[in-house]
Amino acid sequence: MTRIAAPVVLDIAGTTLTKADKQRLKHPLTGGLILFARNFESREQLTKLCRKIKKARPDVLIAVDHEGGRVQRFKTDGFTHLPPMRSLGSLWEAAAPKGASLAHETSPHLHATNVATACGYVLGAELRACGVDLSFTPVLDLDHGPSGVIGDRAFARDARVATVLAKSVMHGLLQSGMANCGKHFPGHGYVRGDSHLDIPVDDRPLATILADDATPYQWLSSSLASVMPAHVIYSQVDSRPAGFSARANGFSGPGVQRRPQHGRSPRDRRPTRQLHHRRAGRVASRVRHGVAVQPVT
């Protein structure tokens, strides 16, 4: 498999750019910058920061993990508090409320998809208004139960429900002018461990994973703009985590890979991500023109 070194995704420590930040942004290997809650004070400050980032490097991609629920970096100064995606799954599963209109009573699933589209639009529009290019969303993991780090970030246990609601969120993102990023391929919802602190192992057979957790990626293959692999070892596929596995990436195109944080001191935990090209493998669904992003959430 050929790998070609390409841009790095950086982060910054504060709410403004330092001289060192600007120098790193101008480096030819820099392709993106990811924002966190520590980089946010207000909408005005965030907008000014994004403008300065673009001034320093016009072609840089400004990204953030902003899903709703537990994973939403900006929550004050007018940002809508978005619900966890599991609440959209609950809307899908709930019976129509008593006294609801006939249209609602006969189409609770369509009601859930409309709400999901609205969530995607609000999420994307609020970020785009401040100059953020991309949010790493939606989560395509299935809610198997044991995973605390995924939990209510997942739409549902049923892959079909998760796919339809994710596509509705993606439609809202598209309406706002934002692309999407499906995560965490091929599925993080089955394992119990938190991949920020550990490297969980999923020991299920490959056929089981492909027939269940990975199906949203296949069904959304013509809609996904980018994909983030799980930092999980699928022991019957490879001894390495999915993001580092030649077999676990079934698409061609640029990909972003994060240096793992395990065992590093807090002062050293500055993400190092390197963009490289991947060839199609035998495991993944085909994501056309996709970008793979190593986990940041």
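**Ground rules.** I am working from a predicted model, where local features need pLDDT of at least 70, side-chain atom pairs count only at pLDDT 80 or more, and totals for chains, interfaces and linings use all residues. Residues are numbered from 1 along each chain as its sequence is written, and side-chain values use heavy atoms, with hydrogens and water left out.

**Overall.** I found eight helices and 13 strands in the protein; these are DSSP runs numbered from the N terminus, helices being H or I of at least four residues and strands E of at least two. Of the 297 residues, 53% count as buried, meaning under 20% relative accessible area with a 1.4 Å probe and protein chains only. Among contacts (heavy atoms within 4.5 Å) with a separation of 6 or more, 73% are between residues 24 or more positions apart.

**Helix 3 with helix 5.** I looked at residues 85-93 against residues 108-130: the axes come within 7 Å and cross at roughly 160°. Axes here are lines fitted to C-alpha atoms over the stretch in contact, and angles run from 0 to 180 degrees between N-to-C directions. Helix 3 and helix 5 are therefore roughly antiparallel, the label for angles over 145 degrees. Helix 3 contributes Leu88, Leu91 and Trp92 to the contact, and residues from helix 5 include Pro108, Ala112, Val115 and Cys119. I sorted this contact into eight nonpolar, three polar and no charged residues. In this scheme Ala, Val, Leu, Ile, Met, Phe, Trp, Tyr, Cys and Pro are nonpolar, Asp, Glu, Lys and Arg charged, and the others, Gly among them, polar.

**Helix 3 with helix 6.** Helix 6 (residues 159-176) packs on helix 3 at about 115°, with the axes 10 Å apart. Met85, Leu88, Gly89 and Trp92 of helix 3 meet Val161, Val164, Leu165 and Val169 of helix 6. That splits into seven nonpolar, one polar and no charged.

**Helix 2 with helix 5.** Helix 2 (residues 43-56) sits at about 65° to helix 5, axes 7 Å apart. I noted Arg43, Leu46, Thr47 and Cys50 from helix 2 against Glu126, Ala129 and Cys130 from helix 5. This contact has four nonpolar, one polar and two charged residues.

**Strand 2.** Is strand 2 largely enclosed or open? Five of the six residues in this strand (residues 30-35) are buried, so the rest of the structure largely encloses it. Strand 2 runs parallel to strand 3 (residues 61-64), joined by four bridges; pairing takes at least two bridges found by DSSP. Leu35 has Val64 of strand 3 as its bridge partner.

Conventions
Angles under 35 degrees count as roughly parallel, over 145 as roughly antiparallel, 65 to 115 as roughly perpendicular and the rest as oblique. Buried means under 20% relative accessible area, exposed over 50%, partly exposed in between (1.4 Å probe, protein chains only).
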